[in-house]
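Work through the exercises below with the model open. Each task is followed by its solution.

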Amino acid sequence: MDAEVALLAQSAGTTLVALMATDAWHHVRDGITQLWRRTQPERADTVAAELEAGREDVLAAAAVDDQETLDELRLQWQGMVRRLLVARPAAVEELRALLDRLDPDGSAARRITQHATASGQARVYQAGRDQHITER
């Protein structure tokens, strides 16, 4: 798979999920649905329904700060977009233009946060072996 396609799909998944919880939602839904109608019309209605369901999931997850669900949704849309771009390479430029219209400064794609806690201890799994490591 082309690295450019993978990166664009990742950006699209992140941007779509971030914008689903904003006032830009209708533009997101309409733009993505139109993209699918032009490139894979047989899947457009399914994608539209998945956008609606995805938005409900995003709103519910955002309300309780459920980052795991938001990450899963980003990955889901990343995969859907990647598969579209692999099947229809001509859609790359159209998707890029759509993302530029929806998120011109790229701020939605930068809203990702990661949570990590350092405990001083870790477990390393390698080739079926479980090792306990204590930081000193």
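**Exercise 1.** Which side chain does Glu-94 meet in a salt bridge, and which helices hold the pair?

*Solution.* Take the definition: a side-chain nitrogen of Lys or Arg within 4 Å of a carboxyl oxygen of Asp or Glu. Glu-94 meets Arg-38, at 2.3 Å from N to O. Glu-94 lies in helix α5 (residues 91–102) and Arg-38 in helix α2, 56 residues apart. Helices here are DSSP runs of H or I, at least four residues, numbered from the N terminus. Last, check accessibility: buried is under 20% relative accessible area, exposed over 50%, partly exposed in between (1.4 Å probe, protein chains only). Glu-94, at 26%, is partly exposed. Arg-38, at 52%, is exposed.

The model is predicted: local features need pLDDT of at least 70, side-chain atom pairs need 80 or more, and totals for chains, interfaces and linings use all residues. Residues are numbered from 1 along each chain as its sequence is written, and side-chain values use heavy atoms, without hydrogens and water.

**Exercise 2.** Which salt bridges does Arg-29 form?

*Solution.* One partner is Asp-30, with the closest N and O atoms 3.3 Å apart. Another is Glu-52, also with a closest N and O separation of 3.3 Å. Arg-29 sits in α2 and Glu-52 in α3, so this pair ties together parts 23 residues apart in sequence. Arg-29 has 22% relative accessibility and is partly exposed. Glu-52, at 33%, is partly exposed.

**Exercise 3.** How many salt bridges does the structure hold?

*Solution.* The count is 7.

Note on methods: Helix = DSSP H or I, 4+ residues; strand = E, 2+ residues; numbered from the N terminus.
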